[in-house]
Structure formats: structure tokens, C-alpha cells
Amino acid sequence: MPSSVEARLAELGLTLVEPSAPAANYVPYVVSGSLVFVSGQISQDANGPIRGKLGADMDAEAGAAAARTCGLALIAQARAAAGGDLDRIKRVVKLLGLVNSTPDFTDQPKVVNGCSDLLVAAFGDRGRHARSAVGAPSLPLGAAVEIEGIFELG
Amino acid sequence: MPSSVEARLAELGLTLVEPSAPAANYVPYVVSGSLVFVSGQISQDANGPIRGKLGADMDAEAGAAAARTCGLALIAQARAAAGGDLDRIKRVVKLLGLVNSTPDFTDQPKVVNGCSDLLVAAFGDRGRHARSAVGAPSLPLGAAVEIEGIFELG
Amino acid sequence: MPSSVEARLAELGLTLVEPSAPAANYVPYVVSGSLVFVSGQISQDANGPIRGKLGADMDAEAGAAAARTCGLALIAQARAAAGGDLDRIKRVVKLLGLVNSTPDFTDQPKVVNGCSDLLVAAFGDRGRHARSAVGAPSLPLGAAVEIEGIFELG
């Protein structure tokens, strides 16, 4: 039976994919006490990385759509950390959102909202989180956005 | 009765303002166990954001003054998280300080010291924290500095 | 008697130096509950900071070597936090790796692998960690890499 979180995602037309494991000496998440630390998730869809630089070749709306895919990946990792049951996630604690930006792009919050809004749509009030949204001059694979997250297990 | 932390701030001529809530799907802080995760606070004063780019139109001293306003905002959020009583803050745990920088500005630590020094002035030894100070190509609203923090509740 | 971690480092020809204390109002690490938050460690060796900008004057291989020195410094700080006994470190929890990058450098993961690989060489499976690897336009002292870490005490 899907969790209530996945039911809400389904209403949005979204399904979680099985997260792939990193091909290196790090892991997608680590559980320490009740906290789940999830590795930075770059913007990507079925076609691969969503590339772009805000202020140059991508606008804030497209950036928010890219950030939303980071959110979906974070939820997929949180589900794995919770043994498959997202209803065991008590709270989304914190996000650090890095937006691939030119030196004069200043709308990082609008971009990261794409992820924040998805988390609240999926988790309701327990999806509300602390966060920082900042610029980065470049990100892995040229991704538009990378977001890491901390979740709390219930 | 003001906390001893606020008494020290008053000696410095500083008062905490009531922090405003973000107008988005995130919150100023989340408490998880004994940890308080405070959202990134941009440099600002009563006139709005303190904008600037270190290495271009702002020097390290002005950057440190901007970082100090981030520190004041972090303390205000910590006070709210502690139910209004800053003496319940056992420790400032960690800061991540992002400094709006040109590619050749390398004095990020001097800038973030403006925040670190304020925290130690306010909290004494329990204000000493782990931290990272790094450059960012751009920050929300063109702010000169953004700093997020983790505090521990006693 | 050296810890098993230090024995593994010795096999790699590496020894930990006594970490120096920051000359400012922050500290190298803070222990909160079972978590150790270690301040950002810049790339450096016996000759001082390892400077460079990836995409300009340093390639990914040299960047990975620089990141490895960040890893060695993180382990030295973790040892101090564990009262000198690295076998008390239960787990490396998380890294945030910032790579001094031009706007078109996108191999931050290869660079930060220099640190991740060392941690797994030193700690074995408990060295596997969550992480983010991102670009920064500039770092303190012109360092090529800065990495902060969270460890768990056993």
C-alpha cells in the first residue's frame, strides 16, 4: 500500500523512481540517530541532467521546474532511508539549494521554491523546512540546480 | 526580564527585532531533537538588503559589517526557536557563511568574522562554533552575505 | 597504540598532523550529542595552502589530490573530537565539498572524490558518507578546495 505521501504525489501525476546508487565512495544518504542526511541531488529527468545557468540560458520558471526534480529525488532517497515507507518521515528539516548562476542572477529563492513547494505538496505541514538558497558558479554535469536535504525519522 | 544574551547585545547597542516569516513554503527554523536549524539569513538592516559583491564594490570591512547583520538575524531566529529565552541556547554549533564574491576575492573569513565575533560577544564561550566561509557568485536580492546556522537547545 | 584508522593511513604513507586552532572566534569542531561538526578545511600541505581554480589553472586530478589534503585535515579534527581515538568514530556522516571553479567546470565530483576515497581507505565501510560537491567562485586564501564534514561518535 502506498504511503499517504505517495498518494499525494500520484495526485500530482508524479511517481518516485528507484534512486540509483552513486558510482563512488559516497552513498545517497546516511541515517544518524533520527536524522537522515541526503546527498546533493542534481536536477535531472528521464533524459538525464537538466542543464542550465540562471541569468544566462535559463529563466527562474524553468529553474523552478528543475529544482522540482531535485525534490522528487530527495523524496525517493528519503523513502529508501525510511525502509520504503514515507509516512515514517516525521519532518523535512532543512534544504541547502545551490543554483547554477551568473554573477548578476539574484532570484535563487524563486528557483528553489520549485523544490520547497513540492515537499509541502507531498508532506503537508511536516514538509515545511528551514533552507538556504544560494548561487553557485557551476555544478556537476552542468546541472541547473543541486539540493541536499536533512529529514527526520519518526 | 531579558536574557543575559540580550543584556550583552544591549551593551553593544543592539536590539533584536521580531523576525519576519518567509513568504514561501519554508520556515525560519526547524527544531529537531536538541538542534535548531536556522534558514540562511541575508545581510539586511532597517533599509532593506545590504547589497554588494566583495572584490568589486565592497571591501572586507564593509562585508564584515554586513555579516554582523546576518548574525543578529540568526540570534533573533534562535530566540524564537527557544521560546523567547536565549539563555536556553546551550551552544552555537555551526555556521555556513556564503560571501558574494568575485572570482579573485579570497578574504571570506574576514567577512564572516563579523558574524562570528557578534555571536561570541553575545553568547560568550558557548557562542564559539564550527564554521565554513566560502564564496558565492551571487546571492538572493544581491545580498553581500548569507549565513545559515545550527544551534543547540539546553 | 594507534587506532586501526591511523594504521591504515600509515599503510598509505600518511600521518596526521596536530590540527592548528583557528585564529578567530570559531573553533575547529563542535560536538553536539553524538554528532561532530567539523569546520571547513581548505586544501593545504606542509608548504601552505594548495591554491588553484578548476577549469583555469588546475585539472581534476590535481584537484582530487588537493581534496585529499582536506580529508586528512578532517580526520585530524575528528581524532581531536574523539579524544585522540579514531576508533571511537562510528561513521562519517556527511561532507560538503566546495571546489574553486570557473563557470564552465563541471567535474566537481571527481575532485571531491579525492577526499571521499581517502575517508573510505581510512575508515572502511563506516567511511562511506552522504555528500554534496559543488562549485564556488573563490575560496579563502585562493584554496582549490574547501570541505566541511559531519562525523558520528560511537
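Modeller: Start with strand β5 of chain A, which runs parallel to strand β6 (residues 130–136) of chain A and is joined to it by seven bridges. (Strands are DSSP runs of E, at least two residues long, and helices are runs of H or I, at least four, numbered from the N terminus; two strands pair if DSSP finds at least two bridges between them.) Within this pairing, Leu96(A) has Ser132(A) in β6(A) as its bridge partner. The chain gets from β5(A) to β6(A) through helix α3 (residues 108–123) of chain A, in a right-handed β-α-β crossover. (Right-handed means that, with the strands pointing away from the viewer, the path from the first strand over the helix to the second runs clockwise.)

This is a predicted model: local features need pLDDT of at least 70, side-chain atom pairs count only at pLDDT 80 or more, and totals for chains, interfaces and linings use all residues. Residues are numbered from 1 along each chain as its sequence is written, while chains are lettered from A and ligands numbered from 1 in the order in which they are written.

Now β5(A) itself. The strand spans residues 89–100, and eleven of its twelve residues are buried. (Buried means 20 or more other C-beta atoms within 10 Å of the residue's own, exposed 12 or fewer, partly exposed in between; C-beta atoms are placed from the backbone.) β5(A) also pairs with strand β7 (residues 145–153) of chain A, antiparallel, over nine bridges. There, Val99(A) faces Val145(A) in β7(A).

Next, the whole sheet. The sheet is open, has five strands in the order β1-β2-β7-β5-β6 (chain A), and its pairing is mixed. β1 (29–32) and β6 of chain A are the edge strands, each pairing on one side only. On average, neighbouring strands are turned by 15° against each other, direction ignored. (Axes are lines fitted to C-alpha atoms, for helices over the stretch in contact; angles run from 0 to 180 degrees between N-to-C directions.) β1(A) runs antiparallel to strand β2 (residues 35–42) of chain A, with four bridges. Ser32(A) has Leu35(A) in β2(A) as its bridge partner.

Two helices pack on this sheet. Helix α2 (residues 60–81) of chain A touches β1, β2, β5 and β7 of chain A, and its direction makes about 35° with that of β7(A). α3(A) touches β5, β6 and β7 of chain A, with its direction at about 160° to that of β5(A).

Definitions and conventions: Two residues are in contact if their C-beta atoms, placed from the backbone, lie within 7 Å.
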